[in-house]
Amino acid sequence: MLQVKVVAVGKIREKFLSEGIKEYTKRLGSYLRLDIVEISDEPCPERLSAADEERVKKKEGERILKAIGQQEHVVLLDLKGKEFTSPQLSEYIDQLALNGQSSIAFVIGGSLGLSDEVRQRADFAWSFSRLTFPHPLIRVMLLEQIYRAMKISRGEAYHK
């Protein structure tokens, strides 16, 4: 069975987002094993120097890297990444499985982005859109897209 891990910086505070995450976690249960790992975010005042921004990203990056297994295929959610349609995402995940990759980690960075070390560890960078979304909302969107990809892969109705 496919193992999917979502590694995300920060906590979900909004009840409606927590409920969405619970719903998609439940739905995904028959398709894969899901693990959601919340990484604590660094305190981040509104105005930081470039050096302080790098320090924050580095500290969060260290925590992210500790949460990722050596055998996991790492997909960063990144504005500069490749965009997929839902069927293309399904095909991407199917191809990983066909090539023997049974463990995928999706990484959602903090508000300042990801450290260079995390970027170097990544196998792929995926962009939902060129739009900017709140990090907590991206978790729900990610789970919904993974669920949609699983439905498409099995030929089940959902993706219209």
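In the predicted model, Lys151 belongs to helix H5. The residue has a relative accessible area of 13%, and because the limit for burial is under 20%, Lys151 counts as buried. When residues up to four places away in sequence are set aside, Lys151 touches Tyr31, Glu156, Ala157 and Tyr158.

Helix H5, which spans residues 135-153, also takes part in covering another helix. The buried residues of H1 are covered by elements that include H5 and strand E2 (32-39). Helix H1 comprises 14 residues, 15-28. From its first C-alpha to its last, H1 reaches 20 Å, close to the 20 Å expected at 1.5 Å a residue. Its buried positions are Leu17, Gly20, Ile21, Tyr24 and Leu28. Viewed down the axis of H1, these buried residues fall within an arc of 100 degrees, and they therefore line one face of the helix. The face turned away from this buried side carries the exposed residues Lys15, Phe16, Lys22 and Lys26.

A corresponding description applies to helix H2. This helix holds 18 residues, 50-67, which should span 26 Å at 1.5 Å a residue; the end C-alpha atoms are 26 Å apart, in agreement with that value. Buried in H2 are Val56, Lys57, Glu60, Gly61, Ile64 and Ala67. Seen along the axis of H2, the buried residues lie within an arc of 135 degrees, so they line one face of the helix. The exposed residues Ala51 and Lys66 are carried by the face of H2 turned away from the buried side. Cover for the buried residues of H2 comes from elements that include strand E1 (2-9), E2, strand E4 (103-108) and helix H4 (116-121).

The largest pocket contains about 450 Å³ of space. Its lining consists of 22 residues, of which Leu77, Asp78, Leu79, Phe133 and His135 are the closest to the pocket centre. Two or more lining residues are given by each of strand E3 (73-83), strand E5 (124-127) and helix H5 (135-153). Strand E3 gives the most, with four residues. By class, the lining of the largest pocket divides into 11 nonpolar, eight polar and three charged residues.

The second largest pocket holds about 240 Å³ of space. Of the 15 residues that line this pocket, Val9, Gly10, Asp41, Ser111 and His135 lie nearest its centre. Helix H5 provides the largest share of this lining, with three residues. The class composition of the lining is three nonpolar, five polar and seven charged residues. His135 is listed among the residues closest to the centre of the largest pocket and among those nearest the centre of the second largest pocket.

Arg130 is located in the loop between E5 and H5. Leaving aside neighbours within four places in sequence, Arg130 is in contact with Leu79, Lys80, Gly81 and Glu83. One of these contacts, Leu79, is also one of the residues closest to the centre of the largest pocket. Arg130 and Arg27 are separated by 103 residues in sequence and by 28 Å in space, C-alpha to C-alpha.

Definitions and conventions. Residues numbered from 1 in each chain as written. Predicted model: local features only at pLDDT ≥ 70, side-chain atom pairs only at ≥ 80, totals over all residues. Heavy atoms only, no water. 1 Å grid on protein atoms, 1.4 Å probe; cavity = no way out; pocket = protein on both sides within 12 Å on 5 of 7 lines; lining within 4 Å. Points joined across faces, edges and corners; volume = space filled by probe spheres on them. Nonpolar A, V, L, I, M, F, W, Y, C, P; charged D, E, K, R; others polar. Expected span 1.5 Å × (residues − 1). Buried < 20%, exposed > 50% of the residue type's maximum accessible area, 1.4 Å probe, protein only. Arc of directions from axis to C-beta. Contact = heavy atoms within 4.5 Å.
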